[in-house]
Amino acid sequence: MKAVVYKGKNKVAVEEVPDPKIEGPTDALIKVTTAAICGSDLHMYEDRSSASPGCVFGHENQGVVEEVGEGVTSIKKGDRVVLPFNIACGFCFNCTRGWTSACLTMNKKVAGAAYGYADMGPYRGGQAEYLRVPYADFNALKLPGKPGDEFEDDFVLLADIFPTAWHAAELANVKSGDPVAIFGAGPVGLLAAYSSLIKGAAEVYVVDKVPERLKKAQEIGAIPIDFTKGDPVKQIKEHRQSEKNLQQSFRPGEAEKLSGVMCAVDAVGFQAHAAEGGKEDPMQTVKWASQILNPTGSLMMIGVYFPADPGGQDEAQKKGLYEFPLGELWSKGISMAQGQAPVKKYNVYLRDLILAGKAKPSFIVSQRLPLAKAPEAYENFDKRGSGTGQDWTKVLLKPELDRSSKAA
Ligand SMILES: NC(=O)c1ccc[n+]([C@@H]2O[C@H](COP(=O)([O-])OP(=O)(O)OC[C@H]3O[C@@H](n4cnc5c(N)ncnc54)[C@H](O)[C@@H]3O)[C@@H](O)[C@H]2O)c1
Ligand SMILES: [Zn+2]
Ligand SMILES: [Zn+2]
């Protein structure tokens, strides 16, 4: 079959690889209809992770069951499914508590496994024609309808970024009426803003510098903040100060101490750009979040930080050690959370929100391409909204388009 193979820094190729096979009785084989490229793939693409050449990428996978092992009882050939990026056993201590992101049995190295990802076990990715799914009864989420229907591009986002973004809003303690700040308007940041709005947040600020992405934030009802136009902390505070009714509701002493937000999400991670100068500052968004949070607020860092970064700017960063504004966060009593999202905890509910017409996460999708165009897709999406990547916000690869062009 054809698959997207990592060839080393800034290079992927679409190559023939051996077909996946059923390896155990609980496996299923999926014919992939849509596989998305994630911001997390870009860290590997840029050689900022421990991924080795030869790795088949793709952890946001959806398709139709082609074959099942003899122990699979709840899904069958022809069923439409989407797979959480986490591969989990369902029976270990962490899985039974809902933390499928830290499954203890699927990866010898660390807690947690995934398709086509550095250090996440021996599993191939689904940016390919077919994919092997371990423990298919537990991992596959069943979907209604037919491939290519009106929900295809919404459902594929259930593999990762919609549940991931929801998890970010959840652990940032977003509740109805809250003011929220999201740093990063990539797919994860935009959907964290969207999730916060669905959860009933009163105001959602989205900070980035990419005009196309900020425009999408505005379209869903968030307030876009361009950090190249001035300190985003100051911009958010000024916006809140301009809300007369809010200001009139404060008692003496409240206005200054509640001038920020209660919930913040870092949806950028270790490759964050510094405020000025175009360089990286892995702590830039965390610093801004620590400044904009009100006392007793919450910060969720959903953007990735690796234990090792070959491209770190100094010896400490290469080991995943960062200068962290702990003093400010501690003195304000901020709750903090981070880590990989346990997709299965949310995907069924978010599927049903989509079916009920209450969520349409595919508003972020900008390109739908055949698998063969993966090199071009990576090159442009990797620009993260600059230059020729200006309007590449979320890219879907569709092996179905390769099949139909071959047939034509
Ligand atoms: N925790 C999880 O389970 C999980 C799952 C999926 C993705 N992620 C991570 O989430 C992060 C975002 O993913 P994505 O797909 O949206 O990526 P992306 O690379 O498309 O988006 C990142 C955005 O951050 C913006 N940005 C850069 N520096 C900034 C700054 N200082 N302030 C504000 N914005 C800034 C960029 O302009 C870009 O729009 C990545 O680190 C990804 O690996 C984590
Ligand atoms: Zn992802
Ligand atoms: Zn497990």
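Keep in mind throughout that the model is predicted.

Okay, let's start with the ligand. There are 35 residues around ligand 1, and the ones that come nearest are Gly39, Ser40, Gly184, Gly186 and Gly269. Where does the largest share of the shell around ligand 1 come from? That would be α1, with 4 residues. At least two residues each are supplied by α1, α5, α6, β9, which is 203-208, and α11, which is 284-292.

In general, you describe two packed helices by the angle between their axes and the distance between the axes. Here, α5 is residues 161-171 and α6 is residues 187-198; the angle is about 60° and the axes are 8 Å apart. That angle is why α5 and α6 count as oblique to each other. The crossing of α5 past α6 is right-handed.

Who is touching whom? On the α5 side we have Ile161, Phe162, Thr164, Ala165, Trp166, Ala168 and Ala169, and on the α6 side they meet Pro187, Val188, Leu191, Ala192, Ser195 and Ser196. The contact of α5 with α6 comes out as 10 nonpolar residues, 3 polar and no charged ones.

Hold on to Trp166 for a second, please. Trp166 also turns up beside Tyr346: setting aside neighbours within four places in sequence, Tyr346 is in contact with Pro163, Trp166 and His167. Tyr346 itself is in the loop between β13, 335-338, and α14, 347-355. Is Tyr346 buried or exposed? Buried, because Tyr346 has 22 C-beta neighbours inside 10 Å, and the cut-off for buried is 20 or more. For a sense of distance, Tyr346 and Glu328 are 18 residues apart in sequence, and their C-alpha atoms are 32 Å apart in space.

Helix α8 is residues 232-241, and α8 packs with α11 at an angle of about 30°, axes 9 Å apart. With that angle, α8 and α11 are therefore roughly parallel to each other. This crossing, α8 past α11, is right-handed. Pro232, Val233 and Ile236 in α8 meet Trp288, Gln291 and Ile292 in α11. Of the residues in the contact of α8 with α11, 5 are nonpolar, 1 is polar and none is charged.

Tyr322 is in the loop between α12, 315-318, and α13, 326-331. Tyr322 is partly exposed, because 15 other C-beta atoms lie within 10 Å. Its contacts, leaving aside neighbours within four places in sequence, are Pro282, Met283 and Gln317. As for Ala289, Tyr322 is 33 residues away in sequence and 15 Å away in space, C-alpha to C-alpha.

Next, helix α15, residues 374-381. Which residues of α15 are buried? Ala374, Ala377, Tyr378, Asn380 and Phe381. These buried residues pack against β1 (2-8), β2 (11-16), α1 (39-45), β14 (367-369) and β15 (395-397).

And α1 brings us to Leu42, which is located in that helix. Leu42 touches Phe381 and Asp382, not counting residues up to four places away in sequence. Leu42 counts as buried, because it has 20 C-beta neighbours inside 10 Å. Between Leu42 and Gly184 there are 15 Å, C-alpha to C-alpha, and the two are 142 residues apart along the chain.

Most residues other than glycine have a negative phi. Tyr135 isn't a glycine, yet it has a positive phi of about 40°. You'll find Tyr135 in the loop between β6, 130-133, and α3, 136-139. Tyr135 is buried, because 23 other C-beta atoms lie within 10 Å.

Thr296 is another one, with phi near 70°, a positive value in a residue other than glycine. Thr296 is in strand β12, residues 293-301. Is Thr296 buried or exposed? Exposed, because 11 other C-beta atoms lie within 10 Å.

That's it from me, thanks!

Methods. Residues numbered from 1 in each chain as written. Chains lettered and ligands numbered in written order. Predicted model: local features only at pLDDT ≥ 70, side-chain atom pairs only at ≥ 80, totals over all residues. Buried ≥ 20, exposed ≤ 12 C-beta atoms within 10 Å, placed from the backbone. Contact = placed C-beta atoms within 7 Å. Axes fitted to C-alpha atoms, helices over the stretch in contact; angles between N-to-C directions. Parallel < 35°, antiparallel > 145°, perpendicular 65-115°, else oblique. Left-handed = near helix turned anticlockwise from the far one by under 90°. Nonpolar A, V, L, I, M, F, W, Y, C, P; charged D, E, K, R; others polar. Near = placed C-beta within 6 Å.
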